[in-house]
Structure formats: structure tokens, C-alpha cells
Amino acid sequence: MKKIIKIILVIAIVISTVFIMGRYGWKLTGFKLCQNSMIYEVEVNENRVTIKGRDANFIPRGFIGYYYEIEDNCLYIGFRFSSIFGFFEKSEYQIEINSDEKINKIIMKSAESETVIYDILEKQQSLSQ
């Protein structure tokens, strides 16, 4: 009887570990496992960035998180979606990032590409024309 309980406990621990690593472990690799996203709206205030978007895949996957880094007033951000580990989530998301620095540029970064989704210099130039 004790042997069966130990086996069940080990199986439960293994399943839990696989789920947790699939859901959150991707953040350990930085941008390597991030994916592209369709961005609906970007709002940049003094110390907060708000981004709204959804999965860019034809068959939407659940949004499970984002990873970001700020360097020289530039926000690099990557998104992660999953069919398996995101089954409780929708493909649409709204995130808010607080920063002590003023953000002048936002770049969406994934394993395949880097895309500028906000640039204050380009915005100022288009407003002056």
C-alpha cells in the first residue's frame, strides 16, 4: 500500500513540475521562446506602458505571459502563447509595465524577429508634418 502511495505521489510531482515549467519556465530563456503578437493599442505615459493585443496565430492560443527588459529608454518586450498550457486563458491580453525611466521606443522581440511597435521620434515627426 505504501508503495502505491509513493508512486502516485511521484507521478503527481512530475505532472506538476511539467505543468509549472511549461507555464512559467519559458521566462528563464529570455526572448528565445517568445512569439509575435498582433498589437491593437500602445499607450505610453510618464512611468507606465499599456499594451493591448492578441495572438497572431491563425488558430488562437492562450496568452500565458510576457518578458521584458528596459535598456537606454527602450522597452524590449516578448509575448508567449500556448495551446497546451494556456487553455484557461484567452488569446487577447492587456498588460501594464511600470518604469522609472521614460520610454521612448518599444520593440517587440521574438525568436524570429524584432519589430518596432512604438517610437516617440517617429510619432513627433508625423505630428509636425
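A: Start with what counts as an element: helices and strands are DSSP runs, numbered from the N terminus. Keep in mind that this is a predicted model.

Q: How many helices and strands does the protein chain have, and in which order do they run?

A: The secondary structure amounts to two helices and seven strands. Read from the N terminus, the order is α-β-β-β-β-β-β-β-α.

Q: What can be read from a loop, such as the one between strand 3 and strand 4?

A: Look at the backbone angles of its residues. Asp-72 lies in the loop between strand 3 (62-71) and strand 4, and its phi is positive, about 50 degrees, although Asp-72 is not a glycine. Asn-73 is placed in that loop too; its phi is also positive, about 60 degrees, and Asn-73 is not a glycine either.

Q: Why does Asp-72 count as exposed, and why does Asn-73 count as partly exposed?

A: The label follows from relative accessibility: over 50% is exposed, under 20% is buried, and partly exposed is in between. Asp-72 counts as exposed because its relative accessibility is 75%. Asn-73 has 28%, so it counts as partly exposed.

Q: Which residues form a nonpolar patch on the surface?

A: The patch consists of Ile-7, Ile-11 and Ile-15, which together have about 290 Å² of accessible area. One of them, Ile-7, lies in helix 1 (residues 2-24). Its relative accessibility is 44%, so Ile-7 counts as partly exposed.

Q: How should I read charged side chains, and how many salt bridges are there?

A: Side chains of opposite charge can pair when their charged atoms come close. This structure holds three salt bridges.

Q: Where in the chain do Lys-52 and Glu-41 lie?

A: The two form a salt bridge, with their closest N and O atoms 3.7 Å apart. Lys-52 is in strand 2 (residues 48-55) and Glu-41 in strand 1 (residues 37-44), 11 residues apart, so the pair links distant parts of the chain. Lys-52 counts as partly exposed because its relative accessibility is 28%, and Glu-41 counts as partly exposed because it has 35%.

Q: Are Asp-55 and Arg-61 buried or exposed?

A: Both Asp-55 and Arg-61 are buried. Their side chains meet in a salt bridge at 2.9 Å, N to O. Another salt bridge joins the side chains of Lys-109 and Glu-114 at 3.8 Å, N to O. Lys-109 has a relative accessibility of 23%, so it counts as partly exposed.

Q: What is the nearest side chain of opposite charge to Arg-80, and how far away is it?

A: That side chain is Glu-112, 8.1 Å away. Arg-80 is buried yet has no salt bridge. Its place is in strand 4 (residues 74-82).

Q: What does the side chain of Arg-80 reach instead, and which residues is Arg-80 in contact with?

A: The Arg-80 side chain reaches the backbone oxygen of Leu-33 at 2.9 Å. Setting aside neighbours within four places in sequence, the contacts of Arg-80 are Trp-26, Leu-33, Gln-35, Gly-62, Phe-63, Ile-64 and Gly-65.

Q: How can contacts be read across the whole protein chain?

A: Take the contacts between residues at least 6 apart in sequence: 63% of them join residues at least 24 apart.

Note on methods:
Residues numbered from 1 in each chain as written. Predicted model: local features only at pLDDT ≥ 70, side-chain atom pairs only at ≥ 80, totals over all residues. Heavy atoms only, no water. Helix = DSSP H or I, 4+ residues; strand = E, 2+ residues; numbered from the N terminus. Buried < 20%, exposed > 50% of the residue type's maximum accessible area, 1.4 Å probe, protein only. Lys, Arg positive; Asp, Glu negative; His and termini not counted. Salt bridge = Lys/Arg side-chain N within 4 Å of Asp/Glu carboxyl O. Polar contact = N/O pair within 3.5 Å; in protein donor to acceptor, adjacent residues only side chain to side chain. Contact = heavy atoms within 4.5 Å. Patch = residues over 30% accessible without salt bridge, like charges linked within 9 Å, V, L, I, M, F, W, Y side chains within 5 Å. Areas by Shrake-Rupley, 256 points an atom, 1.4 Å probe, with all protein chains shown as cover.
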